Amino acid sequence: MHQLKGKRILLGITGGIAAYKAAVLLRLLRLHDADVRVVMTRNACEFITPLTMQALSGKPVHTELLDLETESAMGHIDLARWADLILIAPASANFIARYSHGFAEDLLSTLCLATTAPVFVAPAMNQQMWLNPATGENLEKIKSRGITVLGPAAGEQACGENGPGRMLEAEDIVALVAKSFTSNILSGLRLLVTAGPTREAIDPVRYISNRSSGRMGYAVANAALEAGAEVSLVSGPVSLPVPDRAEVIQVTSAQEMYNAVMQKIKNTDIFISAAAVADYSVETIAVQKIKKSNASLELSLTKNPDILAEVAALQSPPFTVGFAAETEDLKANAQTKLQSKKLDMIAANQVGADLGFDSEMNALTVFWGNEQKELQQATKTRLAKTLITLIAEQYNEKNINKTH
Ligand code: C5P
């Protein structure tokens, strides 16, 4: 189940006998390479120890809302933002009731209120409690807010009764969570994505580069794969795991990136330029290592090709999406680039402390035509998924307009 690889799952455990099954669930999520953090309610700790979950997750377990130590390491708001998905398994009748009313009196309920990540709930309770109309109403309420309810199954219960209310088996929960990361909104389409920085050589050992980690571009490539696209990724030097199932072309300089893109562009439906391409390269690369004999040194730079602008200027260009990393006047600069480079869409992000370059988190404002949409601060994985949905919508819209 490659869909879970690297996904940040916040596993919430509430009080109920099915809490012991959360250990198997956690183990399975980890086996599929998900990055899991566990939050337990006080009642959950009566059924299974935080130590077990800590050993299985390899991370500290969070239990308290107002705990100085964990709050300073990773506060509840950070934790809510950290997650790509929140999975509450088992979810007790009491938790579902509190959640339906938006309570925030412990860590888990607060996280559910503070997150913008999708929340999945796997109920587990006695069959009479499940059949009680109060529980039914509470579930309807959370479902109407977009929460996904997994199960429950029916069968023999720990209390000796038989009926609905058993938590789904861990394998089934994991399969449903994995499936939720995929769609077919881009199936049949070919995407070309650039990512990472470029390096412009000065001499055999030195280069000019920038702080791009490649994370946003790689997240976009992964999100496109999960949306069913065929993906080619032209990547500058980064230290990230290459996405499975993508064709990856490694390059170093802007010129190499340009060549790789131009070679692939003919068969591309959508081009997403997330790379931080160096604007200039060194005019004459020294053959030998430059000595520090002079008091000062001048480097003469020449402008690199603007890959994105050239792609957008092709006779029949693909749907083109650029990125604009700005330290000032974010919106005005992004809109100018959208128009001057004749792009279909541009995603702008403010770079600075803890955001944008070299960070796990990002926030984007996306512009197309005369429209714009703010994508709130979230993990790059989640932002990439939302961005891919927007791109798919606008790509379809453009093609519908073309054929009419
Ligand atoms: O003009 P600016 O460099 O800010 O534009 C950023 C956008 O243009 C990004 O999408 C980046 O990938 C792309 N770009 C490019 N080739 C360059 C410079 C930027 O494709 N030489």
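Q: What makes two strands of this model count as paired?
A: Two strands pair if DSSP finds at least two bridges between them, the strands (E, at least two residues) and helices (H or I, at least four) being DSSP runs numbered from the N terminus. The model is predicted, so that local features need pLDDT of at least 70 and side-chain atom pairs pLDDT 80 or more, while totals for chains, interfaces and linings use all residues. Residues are numbered from 1 along each chain as its sequence is written, and side-chain values use heavy atoms, without hydrogens or water.

Q: How do you know that S1 and S3 pair?
A: S1 and S3 share 4 bridges in the parallel sense, and because pairing requires at least two, they count as paired. Gly12 stands opposite Ile88 in S3.

Q: In what order do the strands of the open sheet run, and which are its edge strands?
A: The open sheet has 5 strands with parallel pairing, in the order S2-S1-S3-S4-S5. Its edge strands are S2 and S5 (148-149), each of which pairs on one side only. Helix H3 packs on this sheet, touching S1 and S2, where touching means heavy atoms within 4.5 Å. The direction of H3 makes about 170° with that of S2, on axes fitted to C-alpha atoms (for helices over the stretch in contact), with angles running from 0 to 180 degrees between N-to-C directions.

Q: Why is Lys342 called exposed?
A: Its relative accessibility is 64%, and exposed means over 50% relative accessible area, buried under 20% and partly exposed in between (1.4 Å probe, protein chains only); Lys342 therefore counts as exposed. Lys342 lies in the loop between helix H14 (330-340) and strand S17 (345-350), and has a positive phi of about 55° although it is not a glycine.

Q: Why is Leu297 called exposed?
A: Leu297 has a relative accessible area of 57%, so it is exposed. Leu297 is found in the loop between strand S14 (280-282) and strand S15 (301-303).

Q: Which residues of helix H1 are buried, and against what do they pack?
A: In H1 (residues 21-31) the buried residues include Leu25, Leu26, Leu28 and Leu29. The buried residues of H1 pack against elements including strand S1 (8-13), strand S2 (35-40), helix H3 (50-57) and strand S3 (85-91). After H1 comes Asp33, whose phi is positive, near 70°.

Q: Where does a cis peptide bond have omega of about 0°?
A: This cis bond joins Ala89 and Pro90, and Pro90 is placed in strand S3. The bond from Gly151 to Pro152 is also cis, with omega near 5°; Pro152 lies in the loop between S5 and strand S6 (153-156).
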